[in-house]
Each structure stands twice: as C-alpha cells, then as structure tokens.
Amino acid sequence: MLDGLRRLWEVENLSPHGICLLWRPELIWTHIVTDTLIALAYFSIPIALATFVSRRRDVVFGWVFWSFAVFITACGATHLMAIWTLYVPDYGLEAMVKIVTAAASIGTALALWHLMPRALSLPSPTQLRRANEALRARIRERDQALAALKQANDERQRAEALLRQSQKMEAVGQLTGGVAHDFNNLLSVVLVNLDRVERGLPGDSRLLAPLRDAMQGAERAASVTHKLLAFARKHPLSPVSTDVNARIGSFAELLRGTIGAKIRLVTDFAPGLAPLDIDPNQLENAILNLAVNARDAMMPEGGTLTIRTRPLDGGEGAGEGVCVEVSDTGAGMPPEVAARAFEPFFTTKPLGQGTGLGLSQVLGFAEQSGGSAAILAGRASGRERGTTVRLSFPAAPRPASAAAVAEPAAPSGLDFGPGFAVAG
C-alpha cells in the first residue's frame with residue numbers, strides 16, 4: 001500500500017496535459033482562462049455562504065451551508081489543478097484533491113437526502129402567505145372585538161353616568177319636596193295672618209296697599225312651592241272620575257286671556273273617551289303651563305295652539321287610556337333642548353323670565369297620576385314645524401251608570417272671539 005502511494009507521486013515517466021493539446025496557444029489559454037474563472041466563482045460562493053450563516057445564526061440547518069462551502073471549495077481546487085497539470089504532470093496531487101472533493105460531495109449529498117423530509121416539512125412561501133393572511137384576519141377580528149369592547153365600555157360609562165344623574169335628581173326631588181312642603185306650611189300661616197290683618201283694617205287705611213302687595217307675593221311664592229311639590233311628586237292630588245273632553249272644553253275659554261289675541265286656539269276632541277281617574281285642577285294647571293310655553297314659542301309672530309285628545313291605543317272608544325296633546329306652530333325644539341326640557345330649573349328663557357319648573361311640574365303630575373309625558377319635536381310629531389307635548393293617562397274603570405252622570409262634552413264649532421275657534 002505504501003508502495004502504491006509512493007508511485008502515486010512519481011512524475012518521471014508522465015507528460016503534462018499541454019502535450020496532449022500540442023501546446024497550441026488557443027487551446028492552452030482557453031483552458032487557463034475558463035478554469036480560472038470557474039475556480040474564482042467556486043471560491044466566491046463559500047465566502048458568501050459563510051458570511052450569510054455567520055450573520056444569520058437563526059438559520060435552520062446552518063451546518064449544511066458549511067458542508068456546501070467545503071464541497072464547492074474542493075470543486076474550485078480541482079479547476080486550479082487542471083491549470084497546474086497543463087504544465088506540470090503532478091497527477092498524484094490532482095488525484096488527492098479529487099479524493100477530497102469526492103468525499104465532500106458524497107457527505108453533502110447524503111446530508112441533503114437525510115434532511116430532505118425535514119426540509120419538505122418547512123412551510124413554503126405560499127403557506128407562509130396564507131398563514132400571514134390568516135394572522136391578519138385574526139388581528140382584524142381582534143381589533144373589531146377591542147373596538148366593540150371599547151364601545152360597550154363607553155355605553156356602560158354613559159349608563160353609569162345616567163344612573164348617577166338619576167340618583168342625583170331623585171335626591172334633589174326628595175330635598176325639594178321636603179323644603180317645599182315645610183315652606184308651603186309657613187306660607188299658609190303667613191297668608192292666614194295677612195288675611196286677618198286685612199279684614200281688621202278700615203277700608204281707607206294706608207296699610208292696605210303694602211299689605212295686599214305682601215299677600216300677592218306670598219301667593220306667588222305658594223305657587224312656586226306647588227310646582228316644586230308637583231316636581232317632587234309630593235303634591236297632594238284629589239283624583240276624581242273626569243271627562244277630559246268636557247273639562248278641557250270648559251277650561252279652554254279661560255285660556256283666551258292667557259295666550260293673547262295673536263294665538264289661535266283650536267281643540268280637537270276624540271269622541272267617546274273613557275273617563276280618567278285624575279285631579280282635574282292639576283290637569284288644568286298642566287295644560288296652562290303647556291299653553292304658556294307654546295305661546296312664548298310662537299311670539300311675536302303668533303300662530304296656532306292645538307289641544308287634542310285621543311284614545312291611548314289609537315282605537316275609538318277602546319277605553320285603554322287617554323292622550324292629551326298640546327301642539328304649537330313655533331320654531332320647534334332642538335334635540336338637545338328637548339332632551340333636557342323636563343329637567344327641573346332648566347329653561348331657555350332669559351334670566352328672570354322663567355323658573356324652569358313648568359315642564360317638570362307637568363311631568364311630576366303625569367307620573368304621579370300613573371301616566372307619562374313626552375315631547376315630540378318637529379317631524380316626530382307628524383308636523384313640519386312646532387312642538388307637541390303628549391300626556392298619556394290610564395283610563396279609570398267606567399261604572400255602569402257613567403254614561404248617565406258624565407259631564408257633557410264641550411260643544412263643537414263654538415267661536416270664543418277673534419282668532420279663537422274650537423273644532424270638535
């Protein structure tokens with residue numbers, strides 16, 4: 001074996017490859033140039049692979065790149081040996097280089113086939129693209145879920161704020177009712193004593209004028225306390241079975257002096273309405289409040305004030321309840337004003353021209369009577385302009401003899417003066 005290795009390096013009886021090419025320059029230089037370029041390309045590839053692997057240490061199967069680098073370097077060396085053996089018959093060294101190249105190529109090939117199943121299990125670019133699309137879809141779903149959660153949190157916070165406001169208003173109502181009740185009792189004592197003093201003075205006394213001014217102020221203060229009690233739902237009611245049409249019809253004539261000559265009053269009563277178990281005086285007071293607000297909304301141009309009644313469920317004589325609607329032809333309420341109109345002390349009138357308790361008193365009376373109040377602004381009321389306030393009340397049980405004892409309905413078609421008409 002040693003003799004065979006020794007003879008592998010003997011070159012005395014060997015000729016270089018150039019002899020085979022007859023030392024023709026065009027053949028010699030073609031081999032030199034091409035083998036040189038191939039060797040340089042082979043040597044540059046391992047450098048590129050080594051740079052890539054050293055900088056990307058997270059690459060899977062990085063050692064395979066190093067195996068390729070050794071194999072390609074050996075291939076480049078065989079091309080250099082081809083140039084060398086053109087002039088020197090050093091075929092033993094060339095054989096050793098080819099042995100190393102063969103070993104590197106076999107090792108690299110075996111490693112590749114061994115890694116083939118694992119390499120095939122890696123995701124392809126198409127699979128990665130699909131996975132990225134699925135991931136983006138899940139991210140969008142997550143973003144939508146987060147947006148929905150944020151919206152739900154915002155709604156919960158708004159609900160909590162409304163609850164806190166409701167609790168505050170309830171506390172204000174309780175406090176207002178207690179203070180108004182005590183103040184009303186004190187005013188009653190004041191009015192009784194002022195009345196006694198007035199009756200005890202002679203008719204020509206100089207004290208009568210200031211005394212009557214004091215009585216008028218006390219009466220106005222008592223009116224405010226009644227509104228506060230109605231808002232707090234602590235005003236004592238005296239409900240009786242009432243024919244709403246007849247009551248409003250008889251009260252309509254008294255509204256003439258309140259709303260003024262520029263306002264045309266129209267009533268529209270639905271026939272056969274069930275009687276209401278309600279306080280008639282407080283009903284008139286609520287309608288008066290609404291009429292005054294409607295008058296202010298239509299001034300100074302004037303307009304039409306309509307008081308309408310109809311069955312609560314929309315059917316004729318069904319007896320489920322009664323709706324009383326007060327409508328005007330003014331400019332209407334903006335939504336933000338309509339949303340707060342029933343709040344106590346809220347008013348759009350200038351300072352000193354309104355207490356802000358009128359609509360809150362109406363709401364308190366309606367709810368204390370088992371009904372409700374609502375504002376229909378603009379097109380929600382079926383009208384192009386103006387505002388409609390709707391009071392809804394449940395019907396009182398109608399006794400068998402109710403038809404015989406009920407108050408007569410207001411006659412239709414009566415004329416109460418210029419600009420005042422009642423349409424039955």
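**Side-chain pairs in a predicted model**

R212 is partly exposed, with 45% of relative accessible area. The side chain of R212 meets that of E198 in a salt bridge, at 3.1 Å from N to O. Because R212 belongs to helix α7 (residues 208-231) and E198 to helix α6 (residues 125-200), this pair ties together parts that are 14 residues apart in sequence.

How many salt bridges does a search of the whole structure find? The search finds 12. Another of them joins R390 to E325, with the closest N and O atoms 2.8 Å apart. R390 lies in strand β7 and E325 in strand β5 (residues 321-327), so this pair ties together parts that are 65 residues apart in sequence. Is E325 buried or exposed? E325 is buried, at a relative accessible area of 6%, whereas R390 is partly exposed at 25%.

I turn now to the aromatic rings. The whole structure contains 2 aromatic pairs. In one of them, W23 and Y87 are tilted, with 5.8 Å from centre to centre and 35 degrees between the planes. This pair links distant parts of the chain, 64 residues apart: W23 is in the loop between α2 (17-20) and α3 (25-55), and Y87 is in helix α4 (residues 62-87). W23 is partly exposed at 39% relative accessibility, and Y87 is partly exposed at 43%. F365 and F393 have ring centres 5.8 Å apart and planes at 55 degrees, so their pair is tilted. With F365 in helix α11 (residues 358-368) and F393 in strand β7 (residues 387-394), the pair ties together parts that are 28 residues apart in sequence. F365 is buried at 2% relative accessibility, and F393 is buried at 2%.

W29 lies in helix α3 and is exposed, at 52% relative accessibility. Together with V33, L37 and L40, W29 makes a nonpolar surface patch of about 440 Å². H79 is found in helix α4, and a polar contact of 3.1 Å joins its side chain to that of D35. Leaving aside residues up to four places away in sequence, H79 touches D35, I38, A39 and Y42.

Note on methods: Residues numbered from 1 in each chain as written. Predicted model: local features only at pLDDT ≥ 70, side-chain atom pairs only at ≥ 80, totals over all residues. Heavy atoms only, no water. Phe/Tyr/Trp six-rings, centres within 6.5 Å; stacked < 30°, edge-to-face > 60°. Helix = DSSP H or I, 4+ residues; strand = E, 2+ residues; numbered from the N terminus. Buried < 20%, exposed > 50% of the residue type's maximum accessible area, 1.4 Å probe, protein only. Patch = residues over 30% accessible without salt bridge, like charges linked within 9 Å, V, L, I, M, F, W, Y side chains within 5 Å. Areas by Shrake-Rupley, 256 points an atom, 1.4 Å probe, with all protein chains shown as cover. Salt bridge = Lys/Arg side-chain N within 4 Å of Asp/Glu carboxyl O. Polar contact = N/O pair within 3.5 Å; in protein donor to acceptor, adjacent residues only side chain to side chain. Contact = heavy atoms within 4.5 Å.
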